[in-house]
Amino acid sequence: QVQVVESGGGLVQPGGSLRLSCAASGSIFSIYAMGWYRQAPGKQRELVATITSGGSTNYADSVKGRFTISRDSAKNTVYLQMNSLKPEDTAVYYCNAAFRDSTSYKSADSWGQGTQVTVSS
């Protein structure tokens, strides 16, 4: 099994910054990509940012220029640096890992439990 654990959420004032971390562990042969998604109350889950094993990144238009995704491949960990936060960034942020399982050698993906980010004065 693969576990994905997020950390770093919290309450921050508009214009402030937060850094989220996500670590994947377990029966991982290799990771294809990891990413951050978010879900606000009453809304569907949406992509925030992703990063591939080759380092290619993709961002939602709403966060471009404010959020930065990075990774530590040796630790199967990704980070999301969030700057210039806005109230509309308030959501539960989920991490996803797409990987090849070391036991079955099949491709799969796993989600974390989510971490709350609240932007409010």
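D89 and R66 form a salt bridge in which the closest N and O atoms are 2.7 Å apart. The two residues come from distant parts of the chain, with D89 in the loop between β8 and β9 and R66 in the loop between β6 (57-59) and β7, 23 residues apart. Both D89 and R66 are buried. The structure described here is a predicted model.

**Salt bridges**

How many salt bridges does a search of the whole structure find? The search finds 4. Three of them are listed below with the distance between nitrogen and oxygen.

| Pair | N to O distance |
|---|---|
| D89 and R66 | 2.7 Å |
| R38 and D89 | 3.0 Å |
| D61 and K64 | 3.1 Å |

D89 also takes part in a salt bridge with R38. R38 lies in strand β4, whereas D89 lies in the loop between β8 and β9, so this pair ties together parts that are 51 residues apart in sequence. Are these two residues buried or exposed? R38 has a relative accessible area of 6% and is buried. D89 has a relative accessibility of 1%, so D89 counts as buried too; the cut-off for buried is under 20%.

Through shared partners, salt bridges join R38, E46, R66 and D89 into one network.

D61 is exposed, with a relative accessible area of 64%. K64, at 49% relative accessibility, counts as partly exposed, because the exposed class begins over 50%.

**The nonpolar core**

The largest nonpolar core has 31 residues. Those with the most contacts inside this core are M34, W36, V48, F67, L80, M82 and Y93. Eight strands are named as each supplying at least two residues of the core: β1 (2-7), β3 (18-26), β4 (28-39), β5 (46-52), β7 (67-72), β8 (77-82), β9 (91-101) and β11 (115-119). Which strand gives the most to this core? Strand β9 does, with 5 residues.

**Contacts of Y93**

Y93 is among the residues with the most contacts inside the core. Leaving aside neighbours within four places in sequence, which residues are in contact with Y93? Several of the core residues named above are among them, including W36, V48, F67, L80 and M82. Y93 is also in contact with E6, L20, Y37, G114, T115 and V117.

Terms used:
Residues numbered from 1 in each chain as written. Predicted model: local features only at pLDDT ≥ 70, side-chain atom pairs only at ≥ 80, totals over all residues. Heavy atoms only, no water. Core = buried A, V, L, I, M, F, W, Y, C linked by side-chain atoms within 4.5 Å. Buried < 20%, exposed > 50% of the residue type's maximum accessible area, 1.4 Å probe, protein only. Helix = DSSP H or I, 4+ residues; strand = E, 2+ residues; numbered from the N terminus. Contact = heavy atoms within 4.5 Å. Salt bridge = Lys/Arg side-chain N within 4 Å of Asp/Glu carboxyl O.
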